[in-house]
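The following questions and answers work through the fold of a single protein chain. Please consult the sequence and the structure shown here.

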Amino acid sequence: METRIALIGIIIDGSGNGESIDKLNSILHESREFIVGRMGVPYRERGISVISVILDAPNDEISKISGKIGMLTGVTAKTMYSKA
């Protein structure tokens, strides 16, 4: 199975409710076998949180994870892929 390295950048805005945050954590937990690392930074002055997630996974898994995250209310996600 060929895998790629990807970074999912996630921003949770102030309107992100507890349900969305719980769903996000659930998605990340379900995908834990592909997660290399995760870092979250609350930006209180702006009322947002920024999370970066590094994955080593097949393309379809990366797309599935990113798509699920991007559908959450108050959550924006963008994915970057390594050329390697």
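Two strands count as paired if DSSP finds at least two bridges between them. The model discussed here is predicted.

Q: Which residue in S3 does Ile11 stand opposite?
A: Strands S1 and S3 run antiparallel and are joined by nine bridges. Within S3, the residue opposite Ile11 is Val50.

Q: What is the order of the strands in the open sheet?
A: The sheet has four strands, and their pairing is antiparallel. Strand S2 (35–43) and strand S4 (75–81) each pair on one side only, which places them at the edges. From one strand to the next, the twist averages 15°. The order is S2-S3-S1-S4.

Q: How many bridges join S2 to S3?
A: Strand S3 covers residues 48–57 and runs antiparallel to S2. Val41 stands opposite Val50 in S3, and Tyr43 has Ile48 as its bridge partner in S3. The number of bridges joining S2 to S3 is eight.

Q: Which residue takes a positive phi in the hairpin of S2 and S3?
A: Four residues lie between the two strands of this hairpin. The positive phi is near 70°, and the residue that takes it is Gly47.

Q: At about what angle does helix H2 run to S4?
A: Helix H2 comprises residues 59–70. It lies across strand S1 (4–12), S3 and S4. Its angle to S4 is about 160°.

Q: Why is H1 described as roughly antiparallel to H2?
A: The axes of the two helices come within 10 Å of each other and cross at roughly 170°. Angles over 145 degrees count as roughly antiparallel. The crossing angle therefore makes the relation of H1 to H2 roughly antiparallel.

Q: How many charged residues are there in the contact of H1 with H2?
A: From H1, Leu24, Ile27, Leu28 and Glu30 meet Ile65, Lys68 and Ile69 in H2. The residues of this contact include five nonpolar and no polar ones. The number of charged residues is two.

Q: Which residues touch the most other members of the largest nonpolar core?
A: This core has 18 residues. Leu55, leaving aside its neighbours within four places in sequence, is in contact with residues including Ile5, Ile8, Phe34, Ile62 and Ile65. Those that touch the most other members are Ile10, Leu24, Leu55, Ile65 and Ile69.

Definitions and conventions. Residues are numbered from 1 along each chain as its sequence is written. This is a predicted model: local features need pLDDT of at least 70, side-chain atom pairs count only at pLDDT 80 or more; totals for chains, interfaces and linings use all residues. Side-chain values use heavy atoms; hydrogens and water are left out. Axes are lines fitted to C-alpha atoms, for helices over the stretch in contact, and angles run from 0 to 180 degrees between N-to-C directions. Contact means heavy atoms within 4.5 Å. A nonpolar core is a set of buried Ala, Val, Leu, Ile, Met, Phe, Trp, Tyr and Cys residues joined through side-chain atoms within 4.5 Å. Buried means under 20% relative accessible area, exposed over 50%, partly exposed in between (1.4 Å probe, protein chains only). Angles under 35 degrees count as roughly parallel, over 145 as roughly antiparallel, 65 to 115 as roughly perpendicular and the rest as oblique. Ala, Val, Leu, Ile, Met, Phe, Trp, Tyr, Cys and Pro count as nonpolar, Asp, Glu, Lys and Arg as charged, and the others, Gly among them, as polar.
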